[in-house]
Amino acid sequence: MNIQMATASSSLSQTQKKMDTIANNIANVNTAGYKSREATFQNLLTRTYENQTGEATEPGRQTPENLRVGFGSKVGLTSLRYEQGSAQETGRELDVMLEGENVYYRVQNGEDIHYTRDGSFEFQNENNALTLVTSSGNAVLDVNGNAITFATTPGKLSISDQGDIQAENGQTFQLSVAKINRPQSLVNEGGNEFSLNAADGNAVVSEEFKTRQGFLEMSNVDLTKQTTDMISTQRLLQFQSQAIKMADEMMGLANTIKR
């Protein structure tokens, strides 16, 4: 395989990953608490061809000697965009918007602790008790790390700006909110939830937040920008496909030349 075809084919597969990232962002434009992702690229291995005789033949040259040929690019990082999404009023008492930088609700997913910005909570009946859960069915935790469970029907709920839950039946809880010191260490687990790579970052209980009952944080996806990126990425895919076709035609032409 020649250099042109190798470069175009490797870049083609990586550009498709960027397209997949954009498509996922657009699909979640109306998902509460969703944080968009952005793919960035880096160069692959570069090969140097020593085709110059030396500095004496090129006085005043500022760039490095010889010819450098790359072998395409790859997705180096898919970064999380954690800007605050817009607020949408719902009037529903179990919708709780979270405001604050790098703060997330703590939820129980099996044996693991996950983190989410999705505040569209629900009640789930378990053994004649009502547990507060996320839209994915995972239990929402209190500051003690326990599931928020009401022994009897709670009645009307009141949630303060600091996440204090006061039920009409007299039970009280406080929502557990964690601050992630390095948001890029979050690992997407699906269902609008993240786990934390302990080797890269840690989570601490935070008071630097504000909750708003009856509101939801919508996604921070900029649909106009995502659509523009999708069009430009699609054009790039077309150019790379054309480059592969041209390289194939050139090799075919070379193979048919007769001495």
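In the predicted model, the N-terminal end of helix α2 is capped by Asp222, a side-chain oxygen of which lies 3.2 Å from the backbone nitrogen of Thr224. Helix α2 comprises 34 residues (residues 223-256), and at 1.5 Å a residue these should span 50 Å. Along α2, the buried positions are Gln226, Asp229, Thr233, Leu237, Gln240 and Ala247. An α-helix has 3.6 residues a turn, so residues three or four places apart point the same way. The buried residues of α2 pack against α1 (3-27).

Both helices also contribute to the largest pocket, where α1, α2 and β1 (37-43) each supply at least two lining residues. The contribution of α1 is the greatest, at four residues. This pocket holds about 220 Å³ of space. Its lining consists of 15 residues, and those nearest the centre are Ser36, Glu38, Arg81, Lys225 and Gln226. By class, the lining of the largest pocket contains eight charged, five polar and two nonpolar residues.

The second largest pocket has a volume of about 180 Å³ and is lined by 17 residues. Asn24, Asn28, Tyr34, Lys35 and Asn188 lie nearest its centre. At least two lining residues come from each of α1, β4 (73-80), β17 (186-190) and β18, with α1 again giving the most, four residues. The lining of this second pocket is made up of 10 polar, four charged and three nonpolar residues.

Strand β18 (residues 193-196) includes Ser195. With a relative accessible area of 14%, Ser195 falls under the 20% limit and is therefore classed as buried. Its side chain makes a polar contact with the side chain of Glu189, at 2.5 Å. Beyond the neighbours within four places in sequence, the residues in contact with Ser195 are Ile113, His114, Ser185, Leu186, Val187 and Glu189.

Rolling a probe the size of a water molecule over the atoms shows where empty space is left. One cavity of 30 Å³ or more was found, and the largest cavity has a volume of about 30 Å³. The residues lining the largest cavity are Thr116, Asp118, Thr134, Ser135, Ser136, Gly191, Asn192 and Glu193. Six of these lining residues are polar and two are charged, with no nonpolar residue among them.

Notes: Residues are numbered from 1 along each chain as its sequence is written. This is a predicted model: local features need pLDDT of at least 70, side-chain atom pairs count only at pLDDT 80 or more; totals for chains, interfaces and linings use all residues. Side-chain values use heavy atoms; hydrogens and water are left out. Buried means under 20% relative accessible area, exposed over 50%, partly exposed in between (1.4 Å probe, protein chains only). A polar contact is a pair of N or O atoms within 3.5 Å; within protein, one must be able to donate a hydrogen and the other to accept it, and residues adjacent in sequence count only if both atoms are side-chain atoms. Contact means heavy atoms within 4.5 Å. On a 1 Å grid over the protein atoms alone, a cavity is a set of points where a 1.4 Å probe fits but cannot get out, and a pocket is an open set with protein on both sides within 12 Å along at least five of seven lines; lining residues have an atom within 4 Å of a point. Grid points are joined across faces, edges and corners, and a volume is the space filled by probe spheres set on the points. Ala, Val, Leu, Ile, Met, Phe, Trp, Tyr, Cys and Pro count as nonpolar, Asp, Glu, Lys and Arg as charged, and the others, Gly among them, as polar. The expected span of a helix is 1.5 Å times one less than its number of residues.
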